[in-house]
There are 2 protein chains.
Amino acid sequence: MNKFLSLKEEKQVTIINAALGCFGKYGYAKASVNDIAVLAGISKASVFQYFGSKKQLYAYLLTYAGDIIMSSFRQADFDEKTDLFDRILLSSLTEAKTLEKNPYISQFILSAWTETSDEVRDILTEFKNETGKFRNHLILRKDDVSKFKNPNDAETVLQILMLMAEGYAAHCRNDEKTMYSSLTDDFQKMIAAMRRNFYKEEYLL
Amino acid sequence: MNKFLSLKEEKQVTIINAALGCFGKYGYAKASVNDIAVLAGISKASVFQYFGSKKQLYAYLLTYAGDIIMSSFRQADFDEKTDLFDRILLSSLTEAKTLEKNPYISQFILSAWTETSDEVRDILTEFKNETGKFRNHLILRKDDVSKFKNPNDAETVLQILMLMAEGYAAHCRNDEKTMYSSLTDDFQKMIAAMRRNFYKEEYLL
DNA sequence: AGTCTCTTGACCGAATCGGTTATTTGTGCT
DNA sequence: AGCACAAATAACCGATTCGGTCAAGAGACT
């Protein structure tokens with residue numbers, strides 16, 4: 001296990017991304033160690049040399065991805081931003097920035113939540129307990145509602161925003177070549193347009 | 001091949017859904033005939049009895065899914081509906097209705113568009129040519145733009161709507177138990193709120 | 001040259017792959 | 001009941017791939 005950590009970082013990243021991509025795309029059972037090795041450009045034997053077994057590799061990826069996600073959420077504290085649109089924007093931006101650095105993490109974590117293989121059930125339940133609490137940052141607050149021209153729109157807008165975020169993530173996952181930066185620009189423009197049209201005049205800027 | 005068509009329809013649906021689900025989830029190479037047979041509750045030998053080979057089964061599913069998608073789009077002619085929001089709403093509703101009847105089709109078709117296996121490359125290019133033309137129903141028209149309070153918002157709103165549709169589809173795919181009808185209600189509500197806030201007063205209702 | 005670390009091609013038995021065949025099972029007919 | 005026929009499958013095929021091992025090679029340093 002410590003064999004892997006003494007590799008040069010660039011190689012580590014290549015291997016990790018290959019593994020995240022394979023597990024994320026196929027799930028634990030269908031992703032073979034050979035797939036990962038070929039995609040990473042190394043031999044299958046090396047993978048076992050670095051991680052010991054397929055399950056140990058998967059466990060390593062779980063803690064690796066979990067740490068990145070959790071720390072990225074921790075550094076942006078959502079309590080500071082009081083406005084609904086600011087919160088969703090900040091949330092999306094941090095998620096996009098994290099995704100840009102390591103594009104295979106979201107796919108991997110998404111698949112981990114629906115993973116059913118018996119062989120990794122134990123380590124998955126542990127993982128889910130640790131990371132499950134990080135989903136509470138988008139609740140609608142009382143002081144958000146009053147800013148809307150029509151307060152009934154508040155909840156609807158929140159649904160729109162969450163759908164957009166989901167579609168945004170799906171979009172990023174499918175088109176590998178799209179630039180994240182330009183996409184986030186567009187996303188910011190959409191958020192701005194929504195705020196401009198839904199909020200009362202007095203709350204604009 | 002005609003062996004399969006003489007089965008009782010319920011059994012056909014079970015088998016088709018199992019196959020669509022497996023191919024959609026794993027892709028052609030990683031989805032095994034045994035997976036499909038087990039999921040459908042029949043023996044692997046029967047699958048070969050019905051379809052001849054794995055590739056023939058995949059080809060059958062392609063035409064099956066293609067026919068359903070295309071006919072569902074044909075029956076709702078988008079040229080009639082001249083308003084942008086009406087068009088996106090109608091498009092989403094027909095898609096949702098089709099998806100409700102056969103929940104595994106969208107996943108399957110989505111995976112077919114990113115399928116890379118050599119063994120089915122020939123039939124896939126054929127399929128893509130046939131169905132590719134059915135994606136043109138969401139272009140922004142000149143008479144749409146003038147209805148906006150701020151015409152510059154038109155393109156932004158279109159992006160929002162497409163992101164929503166993508167997130168909507170992703171959402172339906174992940175949560176199998178969510179009711180489509182209630183979700184489409186919410187979706188309708190979101191569309192209505194968008195129109196109400198972005199359009200000039202004169203174009204409301 | 002020697003030695004030490006890292007990497008890998010070749011290999012292992014077991015499992016699974018797509019596909020076939022022979023046997024069982026179910027069903028209608030008399 | 002017994003028979004005949006069709007539908008479904010258990011058992012099997014050779015080939016490939018699985019997770020995992022190991023000894024031989026490729027460099028780097030002394």
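Which residue of chain B forms a salt bridge with A:Lys30, and how far apart are the closest N and O atoms?

1. The partner is B:Asp35, and the closest N and O atoms of this salt bridge with A:Lys30 are 2.3 Å apart; as the model is a predicted one, that distance is a computed value. The pair crosses between chains, running from A:Lys30 in helix α2 (residues 9-30) of chain A to B:Asp35 in helix α3 of chain B. Over all chains, the count of salt bridges comes to 14.

2. On confidence, chain A has an average pLDDT of 81, with 82% of the residues scoring at least 70. Among the elements of chain A, the highest mean pLDDT, 96, belongs to helix α3 (residues 33-40) of chain A, whereas the lowest, 73, belongs to helix α10 (residues 153-174) of chain A.

3. The same surface serves both copies, since 100% of the contact residues of chain B recur in chain A.

4. Within chain B, helix α3 (residues 33-40) of chain B packs with helix α4 (residues 44-51) of chain B at an angle of about 105°, their axes being 8 Å apart. Angles of 65 to 115 degrees count as roughly perpendicular, so α3(B) is roughly perpendicular to α4(B). From α3(B) the contact is made by B:Val33, B:Asn34 and B:Ala37, and from α4(B) by B:Lys44, B:Val47 and B:Phe48. The residues of this contact of α3(B) with α4(B) divide into four nonpolar, one polar and one charged.

How values were computed: Residues are numbered from 1 along each chain as its sequence is written. Chains are lettered from A and ligands numbered from 1 in the order in which they are written. This is a predicted model: local features need pLDDT of at least 70, side-chain atom pairs count only at pLDDT 80 or more; totals for chains, interfaces and linings use all residues. Side-chain values use heavy atoms; hydrogens and water are left out. Contact means heavy atoms within 4.5 Å. pLDDT is the predictor's confidence in each residue, from 0 to 100. Helices (H or I, at least four residues) and strands (E, at least two) are DSSP runs, numbered from the N terminus. Axes are lines fitted to C-alpha atoms, for helices over the stretch in contact, and angles run from 0 to 180 degrees between N-to-C directions. Angles under 35 degrees count as roughly parallel, over 145 as roughly antiparallel, 65 to 115 as roughly perpendicular and the rest as oblique. Ala, Val, Leu, Ile, Met, Phe, Trp, Tyr, Cys and Pro count as nonpolar, Asp, Glu, Lys and Arg as charged, and the others, Gly among them, as polar. A salt bridge is a side-chain nitrogen of Lys or Arg within 4 Å of a carboxyl oxygen of Asp or Glu.
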